[in-house]
Amino acid sequence: MISNDLQDIERRAKEELERDQSAAELENLRVRFLGKKGELTAILKQMSTLPPEERPVVGQLANRIRANIEQAISARGAEILAISAAKKLYDEKLDVTLPGHHHDLGNLHPINSVLHEVEEIFLGMGFSIAEGPEVEYDYYNFEALNLPPDHPARDTQDTFYISDKVLLRTQTSAIQIRVMENHKPPIRVIASGRVYRSDAVDATHSPIFNQVEALVVDKGITMGDLIGTLELMMKRLYGEDAKIRLRPHHFPFTEPSAEVDIQCFNCGGKGCSMCKGEGYVELLGAGMVHPKVLETCGIDSTVYSGFAFGLGLERIAMRKYGINDMRLLYENDLRFLEQF
Ligand code: DAH
């Protein structure tokens, strides 16, 4: 019976639809059942064998079944689409409430930030930056700086010797000689770096610390230029109220020489426990470059003069930030370092 065959087609089509998973499988199924060469068409071709009065009935049934199958295919198609969209959404889901990855931001070590400040100040005055080695010849560290081998001031520097002639530099002043050997005046340089001394560690001493050295050589350079430069640097570093004073001192490589103090921030010069009653605290050493040092470097001391100074960066940073123990600067404790 044709009508039985038709109903069988509908049943099988619906059964297969349940199993189909993809849009391609659905299309395949549509072609097989409803296409020009499909099963339904094949059965309709047998209509001519039916008695005329049955034809309209079977024809109607065939149309209804075609419509049913088409409707079922499109419903299943929508379902498959919805399932794949839901799966895609699930696979690509992003939980915006999950805690993020925290990245700690680093910051400059107080020694480096003070160094950068000092460099900025001097670059702004037309200085350039010079460098020298940490493993240095005795010649640059001492001899050319007017400290011959038997000079008593060598003792105060507690030198680490590597051999008779080679040592760990005790002062960035060694760089002055290297600069003057290689450059004709006018010279305006600053140089920074680690220096080494055989000191025991305590709140104000370390066998390795950092210095910044300044050197100016030109015609007509005076002590006034030195004082003006120091005042400007200290006001930039510590504020307009910063007051300095110079005390006579001795360094073999400068004449005259001075130690430079800054007025105590704590008591404003009256004297307190922080400045040990002095009203001032020592910051650096300075002076007019000794004529012998200029001559050693091939610079005519009857034509040129110069000033120089050297300061400890740790000391500057400690004063600036109110740090009372130098060891804090080297321990790399983030709880300390993150405060700057
Ligand atoms: N080099 C000296 C020191 O380490 C500091 C110093 C003093 C540097 C006087 C200078 C200077 O350039 O002129 O104690």
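Modeller: The axes of helix α5 (residues 110-124) and α10 come within 9 Å and cross at roughly 100°. Axes are lines fitted to C-alpha atoms, for helices over the stretch in contact, and angles run from 0 to 180 degrees between N-to-C directions. Helices (H or I, at least four residues) and strands (E, at least two) are DSSP runs, numbered from the N terminus. This is a predicted model, in which local features need pLDDT of at least 70 and side-chain atom pairs count only at pLDDT 80 or more, while totals for chains, interfaces and linings use all residues. Residues are numbered from 1 along each chain as its sequence is written, and side-chain values use heavy atoms, with hydrogens and water left out.

Biologist: How are α5 and α10 placed relative to each other, parallel or perpendicular?

Modeller: α5 and α10 are roughly perpendicular to each other. Angles under 35 degrees count as roughly parallel, over 145 as roughly antiparallel, 65 to 115 as roughly perpendicular and the rest as oblique.

Biologist: Which residues of α5 and α10 meet?

Modeller: From α5, Pro110, Ile111, Ser113, Val114, Leu115 and Glu117 meet Leu313, Glu314, Ile316, Ala317, Lys320 and Tyr321 of α10; contact means heavy atoms within 4.5 Å. By class, this contact of α5 with α10 has eight nonpolar, one polar and three charged residues. Here Ala, Val, Leu, Ile, Met, Phe, Trp, Tyr, Cys and Pro count as nonpolar, Asp, Glu, Lys and Arg as charged, and the others, Gly among them, as polar.

Biologist: And how do α8 and α10 cross?

Modeller: The axes of helix α8 (residues 223-238) and helix α10 (residues 313-321) cross at roughly 45° and come within 11 Å. That makes α8 oblique to α10. Met234, Leu237 and Tyr238 of α8 make the contact with Ile316, Arg319 and Lys320 of α10. By class, the contact of α8 with α10 has four nonpolar, no polar and two charged residues.

Biologist: Let us change topic. Which residues come nearest to the ligand?

Modeller: Of the 15 residues around the ligand, the nearest are Gln171, Gln176, Arg197, Gln211 and Glu213. A residue is near a molecule or strand if one of its heavy atoms lies within 4 Å of it.

Biologist: How much of the ligand does the protein cover?

Modeller: The protein covers 92% of the 360 Å² of accessible area that the ligand has on its own. Such areas come from the Shrake-Rupley method with a 1.4 Å probe; for residues, only the protein chains shown count as cover.

Biologist: Which peptide bonds are cis?

Modeller: The bond from proline 185 to proline 186 is cis, with omega near 0°, and proline 186 is found in the loop between α7 (173-182) and β4 (187-196). The bond from glutamate 255 to proline 256 is also cis, with omega near -5°; proline 256 is in strand β7 (residues 254-263).
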